[in-house]
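Q: Could you walk me through this model, taking the strands and helices in turn and then the charged pairs?

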Amino acid sequence: MTYSDSRRLLAQASRIADAYLAALPERPVGRPVPVAQLRDLLGGPLPETGEAPDAVLERLAGAAEQGVVATTGPRYFGFVTGGSLPAAMAADWLTALWDQPAFGYIAGPAAAVAEEVAAAWMVELLGLGEGRPVSTGFTSGCTMGNFTALAAARHALLAKAGWDVEAKGLFGAPEVEVVVGAEAHASVFLALQMLGFGRARLRQVPADAQGRMRAEELPAVLAACQGPAIVCAQAGNVNSGAFDPLAAIVEATRAHGAWLHVDSAFGLWAAASPKLKHLAAGIEQADSWATDGHKWLNVGYDSGLVFVADPQAHHAAMSLSAAYLLMAQEGERDPCDWVPEASRRARGFAVYAALRSLGRRGLAELVERNCALAGRFAKRLAAEPGISILNDVVLNQVVVRFHADPGGRDDPQGDDAFSKAVIAAVQQEGTCWAGGTHWRDREAMRISVSNWSTTEADIERSADAIIRCCRAARAAKVA
Ligand SMILES: *Cc1c(COP(=O)(O)O)cnc(C)c1O
């Protein structure tokens, strides 16, 4: 094999990509595929001698035809997946090509500086820290962003109590209390369990009907805390899109001397929009934030981000040192000092490309357009007898309930089953894809509009398909 083989194969990959992108807007979005079919296409014994690389690519492309969900297409509304902006996707290809082990400046200077520049842009754009220095790490996702931020919080609070947690661990340490909202994302609990805080050793603040922390109850919860405390708030509930009342949470947290972390996996990007940033008012005063590039910024997977308004604590919690790693010279930034990993993909290139290709205005427009489309989607569905919207549509999320009774009377159990049946029918039909959720004791469909390429026409087509599936399910039930 030689590098001319690589060049030939990349041209082949480019042809596969071209065909994929040409078909993407019109192909069925995510029809379920039997697992046996994919095992047939991909399985079999490990080859004894290697196969021709072009045949290997063709095999993968064949399996992808059956088993790749069109998550980057305009009518995928599952989870909060985002898409992949053309510039970000292309930069990601180049990232694979250059294959920088981006732990340090020395092994990937351009990667280190792309991160540095993108980090400064984001801190400015999102207004984080209000003038305090803010450090940034490029992680695999928001879960590791939450982990990193909470590790920095653990360092800062225990250092203040005279305890070096990185050296001595948690055994015998002063106890740190953790306060979360009742609707905190599962990812926060995973981060807490990995950090030795435990995922059940928490104080919970109740949430309101939209999933927002009841901030008026926070002062009493904090007053009951024995030692140093961390408060985990949320910007963007994963079902409703609602924001915790951050200004009030900041006030209570500051009054207690606690650390405020905000899990804002997608909601943080609302702070980039002059029209929407009121939803996140106060967020700039938190101590740490975790978000995703791979959600609303429309960078490909894997792209998490963490920001900490205490660079010294962030660095102390994450840096590693070994003589051979030749750490940065004065003024250079080593990416690995701000994340849990050492060797890692040069994640900064794609984030940099997304930000540079959108600009401040483009990002605001992307976020605002998605929110307007979510509102339009909700209005269309709500106009259909027997479909209800369960949340206040304040952002890009819509929670939809389907009633067997076209009059819209809710039958708790019957409509749980009916809603699930409609969701399955919509997924099977293939015009669009949305997942199910359990929201306030009800089964419902969860729609997230977070892709740069979604248009009004996509919303109309998708709403039509959902309404058709709902009517057909009702007709089948009566028959
Ligand atoms: C998606 C999400 C996470 C987890 O992010 P990953 O990138 O999947 O690790 C955490 N919190 C919220 C609110 C989310 O929406």
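**Strands, helices and charged pairs**

A: Strand E9 (residues 397-402) and strand E11 (residues 442-448) run antiparallel and are joined by 4 bridges; two strands pair if DSSP finds at least two bridges between them, and helices (H or I, at least four residues) and strands (E, at least two) are DSSP runs numbered from the N terminus. This is a predicted model, in which local features need pLDDT of at least 70, side-chain atom pairs count only at pLDDT 80 or more, and totals for chains, interfaces and linings use all residues. Residues are numbered from 1 along each chain as its sequence is written, and side-chain values use heavy atoms, with hydrogens and water left out.

Q: Which residue is the bridge partner of Val399 in E11?
A: The partner of Val399 in E11 is Arg446.

Q: And what is the strand order of the open sheet?
A: The open sheet has 4 strands in the order E8-E9-E11-E10, with antiparallel pairing. Its edge strands, each pairing on one side only, are E8 (387-389) and E10 (435-439). From one strand to the next the twist averages 40 degrees, where angles run from 0 to 180 degrees between N-to-C directions and axes are lines fitted to C-alpha atoms, for helices over the stretch in contact.

Q: Which strands does H12 touch where it packs on the sheet?
A: H12 touches E8, E9 and E11, and its direction makes about 145 degrees with that of E8; contact here means heavy atoms within 4.5 Å.

Q: Staying with E10, how many bridges pair it with E11?
A: E10 and E11 pair over 5 bridges in the antiparallel sense, and Gly436 has Met445 as its bridge partner in E11. The hairpin of these two strands has 2 residues between them, and in it Arg440 takes a positive phi near 50 degrees.

Q: Changing topic, how far does H1 reach?
A: Helix H1 (residues 3-23) has 21 residues and reaches 30 Å from its first C-alpha to its last, close to the 30 Å expected at 1.5 Å a residue; the expected span is 1.5 Å times one less than the number of residues.

Q: Which of its residues are buried?
A: The buried residues of H1 are Asp5, Leu9, Gln12 and Ala17. Seen down the axis of H1, they fall within an arc of 145 degrees, so they line one face of the helix; the arc is that of the directions from the helix axis to the C-beta atoms. Helix H3 (53-67) and H4 are included in what covers them, whereas the face turned away from the buried side carries the exposed residues Tyr3, Arg7, Arg15, Asp18 and Ala22.

Q: Now the charges: how many salt bridges does the structure hold?
A: The structure holds 26 salt bridges, a salt bridge being a side-chain nitrogen of Lys or Arg within 4 Å of a carboxyl oxygen of Asp or Glu. One of them joins the side chains of Asp92 and Arg345 at 3.0 Å, N to O. That pair links distant parts of the chain, with Asp92 in helix H4 (residues 86-98) and Arg345 in the loop between helix H11 (311-318) and helix H12 (348-382), 253 residues apart. Arg345 is partly exposed, with a relative accessible area of 34%.

Q: What about Asp464 and Arg380, where do they sit?
A: Asp464 forms a salt bridge with Arg380, the closest N and O atoms being 2.7 Å apart. Asp464 lies in helix H14 (residues 456-478) and Arg380 in helix H12, so that 84 residues separate the two in this link between distant parts of the chain. Asp464 is partly exposed at 34% relative accessible area, and Arg380 is partly exposed at 24%. Salt bridges that share partners join Arg376, Arg380, Glu456, Glu460 and Asp464 into one network.

Q: Last one: is Ser84 buried or exposed?
A: Ser84 counts as buried, at 9% relative accessibility, and it lies in the loop between H3 and H4. Leaving aside neighbours within four places in sequence, Ser84 is in contact with Thr72, Met89, Asn298, Val299, Gly300 and Trp452.

Terms used:
Buried means under 20% relative accessible area, exposed over 50%, partly exposed in between (1.4 Å probe, protein chains only).
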